[in-house]
Amino acid sequence: MKPSGSLEGKSALVTGASRGIGRAVAVRLAAEGAELVLHCNKNRSPLEDLAASLPRPSTIAQANMAELSEIRRMFESLAGRALDILVNNAGIWRPTPIEGTAPEALDELVAVNLKSVFWVTQSALPLLKPGARIVNISSVAARLGVAGRSVYGATKAAVESLTRSLALELAPRKILVNAVAPGYVETDMTAEHFSNPAVLERALKRHPLGRLGVPEDVADVVAFLCSRDARFITGQVINVSGGFII
Ligand code: NAP
């Protein structure tokens, strides 16, 4: 999709903007004219490089999404800002086999992928203007069984449930809440998994469009959901999976 400047004058916070899908979303929203708050975990340098390449000045905000106290501290640093767009993208993909998963590993997955979506949204609410858009990044794993990765899918199913309920809860404030569910996307998250040619071949066979996704496939749909064209869409999940889910 060609940028059309549809987000001129808008301000957007993207979590996990340092790489992968979050970075592509930030680039796309900036190309549409939005000013960005770029969130990262600990390492600021990828975001400093990204910020330097964007057409408008952006702000860098840091927080470990596994820690509520860090999320709250991050929003204290953003007090007084107004936001039109929140993209809850930061996430992790870890195996949690039913045998051998440590409590800390399960807690981290739930904290980063699920709880942070709730706490970041709660913290962002005072900054969000009427008409604002919230886009949560889910996964087709929310609706598929994946042996050895049950908790990841469960966190994403919960994110989709949150999306529907928050869409209702925030409708009176004219805040629209939707989710995008990618299939497999070529990012650092999946690089090791697909370094095995047999695993890659199996995955490609399940993608009717014959390729894995790239971050821009997802970013374009997020940009649509943030645009005026999506003004009557709320509580929905859009699969961006090259037909994987069907
Ligand atoms: P990625 O390349 O691994 O990037 C993950 C991003 O999340 C990074 O910016 C990372 O920050 C941030 N993050 C991770 N843990 C964090 C923490 N504890 N606190 C704060 N930030 C943290 O992943 P991706 O593939 O772009 O995935 C982005 C989203 O899409 C995730 O929600 C993922 O579940 C979802 N998704 C991905 C795929 C896929 O195939 N790639 C498919 C479906 C859904 P640092 O750089 O600082 O670590």
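Predicted model: local features only at pLDDT ≥ 70, side-chain atom pairs only at ≥ 80, totals over all residues.
**Stop 1: the α1/α8 pair**

Select helix α1, residues 20–31, together with helix α8, residues 215–226. Their axes lie 8 Å apart, and the helices pack at an angle of about 50 degrees. That angle makes α1 oblique to α8. The crossing of the two is right-handed.

Next, show the side chains where the helices meet. On α1, pick Gly20, Ile21, Ala24, Val25, Arg28 and Leu29. Their partners on α8 are Pro215, Glu216, Val218, Ala219, Asp220, Val222, Ala223 and Cys226. Coloured by residue class, the contact of α1 with α8 divides into ten nonpolar residues, one polar and three charged.

**Stop 2: Ala34**

Move on to Ala34, in the loop between α1 and β2 (35–40). With a relative accessible area of 2%, Ala34 counts as buried, because the cut-off is under 20%. Leaving out residues up to four places away in sequence, Ala34 touches Leu7, Lys10, Ala12, Leu29 and Arg56. Leu29 is also one of the α1 residues that meet α8. Now select Gly5, which is 29 residues from Ala34 along the chain. The C-alpha atoms of Gly5 and Ala34 are separated by 8.3 Å.

**Stop 3: Thr155**

Finally, select Thr155 in helix α5, residues 150–170. Is Thr155 buried or exposed? Thr155 counts as buried, at 2% relative accessibility. To see what else surrounds Thr155, show Leu109, Val110, Asn113 and Leu114, which Thr155 touches when residues up to four places away in sequence are not counted.

How values were computed:
Residues numbered from 1 in each chain as written. Heavy atoms only, no water. Axes fitted to C-alpha atoms, helices over the stretch in contact; angles between N-to-C directions. Helix = DSSP H or I, 4+ residues; strand = E, 2+ residues; numbered from the N terminus. Parallel < 35°, antiparallel > 145°, perpendicular 65-115°, else oblique. Left-handed = near helix turned anticlockwise from the far one by under 90°. Contact = heavy atoms within 4.5 Å. Nonpolar A, V, L, I, M, F, W, Y, C, P; charged D, E, K, R; others polar. Buried < 20%, exposed > 50% of the residue type's maximum accessible area, 1.4 Å probe, protein only.
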